[in-house]
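Hello,

Here is the structure for you to look over. My notes follow below it.

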Amino acid sequence: MSVGKLGADVSLEEGQKAARVCGINIIGAINSALGGDLTKVKRIVKICCFVNSTADFTEQHLVANGCSDLLVEVFGKEVGAHSRCAVGMGQLPLGASVEIDAIVELTTSSL
């Protein structure tokens with residue numbers, strides 16, 4: 001887990017790497033929930049990227065690219081492209097630099 005605040009002790013590049021790790025964890029959770037069959041993912045609907053940042057840091061959207069780019073790499077543009085929000089937070093649990101959640105639509109055959 002990446003710890004620290006963007007705009008203070010965590011660089012943009014480190015924040016993007018932390019967001020990518022969040023994306024890897026999201027894919028792992030999806031994979032586990034679907035019994036190892038990622039073909040059941042119809043689309044990634046939305047991600048919300050929460051960035052632990054200073055009041056003057058304004059590049060939360062660039063941090064979120066670390067996760068967004070990975071999801072498109074793994075699932076392709078048709079399935080992996082998604083809507084998103086990226087917001088700055090005064091603090092995150094355990095001092096994490098980035099936290100991301102995801103909404104995923106599954107094919108009806110997986111229900």
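Which residues form a nonpolar patch on the surface? They are M1, V3 and L94, with about 390 Å² of accessible area together. Patch members have over 30% relative accessible area and no salt bridge, and nonpolar side chains (Val, Leu, Ile, Met, Phe, Trp, Tyr) are joined within 5 Å. Areas come from the Shrake-Rupley method with a 1.4 Å probe. A salt bridge puts a side-chain nitrogen of Lys or Arg within 4 Å of a carboxyl oxygen of Asp or Glu.

First, the basis. This is a predicted model, where local features need pLDDT of at least 70, side-chain atom pairs count only at pLDDT 80 or more, and totals for chains, interfaces and linings use all residues. Residues are numbered from 1 along each chain, and side-chain values use heavy atoms, without hydrogens and water.

L94 sits in the loop between β2 (83-89) and β3 (98-106). Helices (H or I, at least four residues) and strands (E, at least two) are DSSP runs. L94 counts as exposed because its relative accessibility is 73%. The cut-offs: buried is under 20%, exposed over 50%, partly exposed in between.

E14 is in helix α1. At 41% relative accessibility, E14 counts as partly exposed. C48 lies 34 residues from E14 in sequence and 18 Å away in space, C-alpha to C-alpha.

UniProt's unreviewed entry places "domain: Endoribonuclease L-PSP/chorismate mutase-like" at residues 3-96; its annotations may be inferred rather than shown by experiment. That span, residues 3-96, is 46% helix and 20% strand, and its end C-alpha atoms lie 4 Å apart.

Best wishes

Conventions:
Patch = residues over 30% accessible without salt bridge, like charges linked within 9 Å, V, L, I, M, F, W, Y side chains within 5 Å. Buried < 20%, exposed > 50% of the residue type's maximum accessible area, 1.4 Å probe, protein only.
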